[in-house]
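Welcome, and thanks for taking a look at this one with me. Here are a few notes to read alongside the model.

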Amino acid sequence: MSIILGLVRSAVAPLTRTRLFRSTAPTVLPPVERVIDRLSRGRVQLSALLVPSLVLHSTGARSGAQRETRLMYTPDGAGRAIVAGTSFARARHPAWTYNLLAHPDASIVVRGRRLSVRASLIDPDGRDNAWARIERQWPGYRAYERDSGREVRMFLLRPVAAAGRLGTREAERPAGGEQREGVSTWRPTT
């Protein structure tokens with residue numbers, strides 16, 4: 001990360017934790033992102049100017065319809081990404097987290113490139129490590145969890161192609177994870 005980008009993030013991050021930002025961003029940012037997306041033909045994301053961003057294409061938990069959500073992500077090596085359902089510190093989990101719990105196979109678009117991924121809920125033992133990675137990228141981001149009054153759902157998005165190279169049984173679970181009630185969980189490997 002460049003020094004300038006780090007300074008900009010450090011200056012902007014506190015603003016994103018204000019009540020004004022939290023109350024206006026969920027309404028204002030999505031339409032602005034869509035306009036920029038159309039004008040740039042998908043090459044530019046407003047949020048991507050400050051943090052790595054992706055577009056998640058998931059299947060609706062109830063409707064089965066295709067859904068599109070723009071999210072900040074944190075790289076976790078080997079093409080994997082961590083996403084956190086902070087929802088601007090709202091009390092409810094965002095819809096996309098329900099979608100991934102019901103249908104973990106999804107796809108993402110990063111810098112114009114589409115990848116098939118499998119989402120797995122990050123195990124409670126791996127949460128502190130995941131938050132530490134996220135906060136190295138965006139200082140104070142975990143405050144959204146504290147202020148929401150709920151445990152934010154965190155997912156590891158793992159490229160399906162990478163999982164396909166593993167044995168069949170291993171491809172169904174992320175490394176270091178375990179199967180629990182039909183949901184793959186992830187713990188960081190050390």
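1. A term to start with: a residue is buried if its relative accessible area is under 20%, exposed if over 50%, and partly exposed in between (1.4 Å probe, protein chains only). By that rule Tyr141, at 11% relative accessibility, is buried.

2. Please keep in mind that this is a predicted model, where local features need pLDDT of at least 70, side-chain atom pairs count only at pLDDT 80 or more, and totals for chains, interfaces and linings use all residues. Residues are numbered from 1 along each chain as its sequence is written, and side-chain values use heavy atoms, with hydrogens and water left out.

3. Now to the rings, which pair if their centres lie within 6.5 Å (Phe, Tyr and the six-membered ring of Trp; planes under 30 degrees apart are stacked, over 60 edge-to-face, the rest tilted). The structure has four aromatic pairs. One of them joins Phe88 and Tyr144 edge-to-face, with 6.4 Å centre to centre and 70 degrees between the planes. Phe88 sits in the loop between E4 and H3 while Tyr144 belongs to helix H5 (residues 143–148), so this pair ties together parts 56 residues apart in sequence. Helices (H or I, at least four residues) and strands (E, at least two) are DSSP runs, numbered from the N terminus.

4. How accessible are these two partners? Phe88 is partly exposed, at 27% relative accessible area, whereas Tyr144 is buried at 4%. Tyr144 also pairs edge-to-face with Tyr141, at 5.2 Å centre to centre and 75 degrees between the planes. Ring pairs link Phe88, Trp131, Tyr141 and Tyr144 into a cluster.

5. Next, the spaces. On a 1 Å grid over the protein atoms alone, a cavity is a set of points where a 1.4 Å probe fits but cannot get out; a pocket is an open set with protein on both sides within 12 Å along at least five of seven lines; lining residues have an atom within 4 Å of a point. Points are joined across faces, edges and corners, and a volume is the space filled by probe spheres set on them.

6. Tyr141 and Met72 are among the residues lining the second largest cavity, which holds about 30 Å³ of space. Strand E4 (residues 81–84) gives the largest share of that lining, three residues.
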